[in-house]
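Colleague: I'm new to this one. Could you put it up and take me through it?

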Amino acid sequence: MNVSKKVLHESYSNTEVLLVAEVVKLLVSGLLVINSAGHSPSSIGAVHMSDGTIETWNLKRLLLLLLRGRKLIVLVVLYSISNIIPFFAIGQIGAAAFTVVMQLKIFTTAAFSTLMLSRQYSSTKWRALLLLVIGCVLVSSPIINAGRSNISSVEGGNSGDSSPEMVTGEILGLLATLLQATISGFSSVYFEALLKDKDDNTTIWERNFQLAFYSIFFLCAMTAGERWIHVDSSLALSTAGDNEGFFVGWTALAFVLSLLQAGGGLLVAGTLKYADAVLKCFATAVSIILTSILSFFFLGSDIDMFVAIGYMTTVLSIFNYTLDHQQLPQPTPTSR
């Protein structure tokens, strides 16, 4: 996306990319749900016919899935809040501080895994998580340095001037970022709990279908709002600007990005289903490294000593976590 925006200067809305991605997820998941009907252990949407047979290959299955997907509304609300918080937080404390504090989502994910899924982590694994936080911060150091230089340039003529309003804003920004990290950890573990609930036979494709459907409503509202509200933030999703109407400035690359976003969303659900939310944090860290390396080759970004140390620290944390074979009691997750 950075190549598309910064090099090719394409003007499509990122929110519309997310919207199309959710539509793709909805269609793919819906087709797989219908195709697997009769082979799936899920009873959701099963229609009892007058002759005693059970018919599942129809749209009633999908409609009943949506009616029984109320638990996913919690996730959609959380995702909606987490899409709004960065705009406020970055405006108060800057992108540098936001990037650093947000790495606490690794700890919040592990904490909620312990509280909600009764998982136990050894001291070695907690140390690995700490190393992962440090590694992510170091890899993100170019963003941090850029944020500091921007702050210095803005405050150059106002050194030592800190009004009570600014202090209050910074405190609120910090609290908002902590809330964002907490929501990130909770939502990942909550979705994992739904996917692994042994008392609920809803399949992973059915969950993806439900989540995509409810997410589309929020993204439609947000896309419409972009026509009227200009978001001034370095991490803004994108705004209408001088464009009028919907899907203005779209290119083939924008559609490819939507497909990649949809595929990534499906893979996240698979990761939570067959691995866990903490391992997803490690996968995210690896993606940050790959993004940094690709940015070096295609965008001319620098890889300094701190970034290189971040690479090694992240890899070390992965080995620390995965090679720890200390057995701790792992109670079965409770039904939800």
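**Salt bridges and a cavity**

Modeller: The structure holds 5 salt bridges, a salt bridge being a side-chain nitrogen of Lys or Arg within 4 Å of a carboxyl oxygen of Asp or Glu. This is a predicted model, where local features need pLDDT of at least 70 and side-chain atom pairs count only at pLDDT 80 or more, while totals for chains, interfaces and linings use all residues. Residues are numbered from 1 along each chain as its sequence is written, and side-chain values use heavy atoms, with hydrogens and water left out.

Colleague: Which residues are linked in a network of salt bridges?

Modeller: Arg119, Glu192 and Lys196 are. Between glutamate 192 and lysine 196, the N to O distance is 3.0 Å.

Colleague: Is glutamate 192 buried or exposed?

Modeller: Buried, at a relative accessible area of 0%. Lysine 196 is partly exposed, at 25%. The cut-offs are under 20% relative accessible area for buried and over 50% for exposed, with partly exposed in between (1.4 Å probe, protein chains only).

Colleague: What does aspartate 200 form a salt bridge with?

Modeller: Arginine 207, with the closest N and O atoms 2.6 Å apart. Arginine 207 is buried, with a relative accessible area of 2%.

Colleague: And where do lysine 25 and glutamate 22 lie?

Modeller: Both are in helix 2, 3 residues apart, which is about one turn of the helix. Helices here are DSSP runs (H or I, at least four residues), numbered from the N terminus.

Colleague: How many residues does helix 2 have?

Modeller: Helix 2 has 22, residues 14–35, and spans 31 Å from first C-alpha to last, close to the expected 32 Å. The expected span is 1.5 Å times one less than the number of residues.

Colleague: New topic. How many cavities of 30 Å³ or more are there?

Modeller: There are 2. A cavity is a set of points on a 1 Å grid over the protein atoms alone where a 1.4 Å probe fits but cannot get out, and lining residues have an atom within 4 Å of a point.

Colleague: Which helix gives the most to the lining of the largest cavity?

Modeller: Helix 11, with 4 residues. Helix 5 (105–117) and helix 11 (277–298) each supply at least two. The lining includes Lys105, Ile106, Cys281 and Ile288.

Technical notes: On a 1 Å grid over the protein atoms alone, a cavity is a set of points where a 1.4 Å probe fits but cannot get out, and a pocket is an open set with protein on both sides within 12 Å along at least five of seven lines; lining residues have an atom within 4 Å of a point. Grid points are joined across faces, edges and corners, and a volume is the space filled by probe spheres set on the points.
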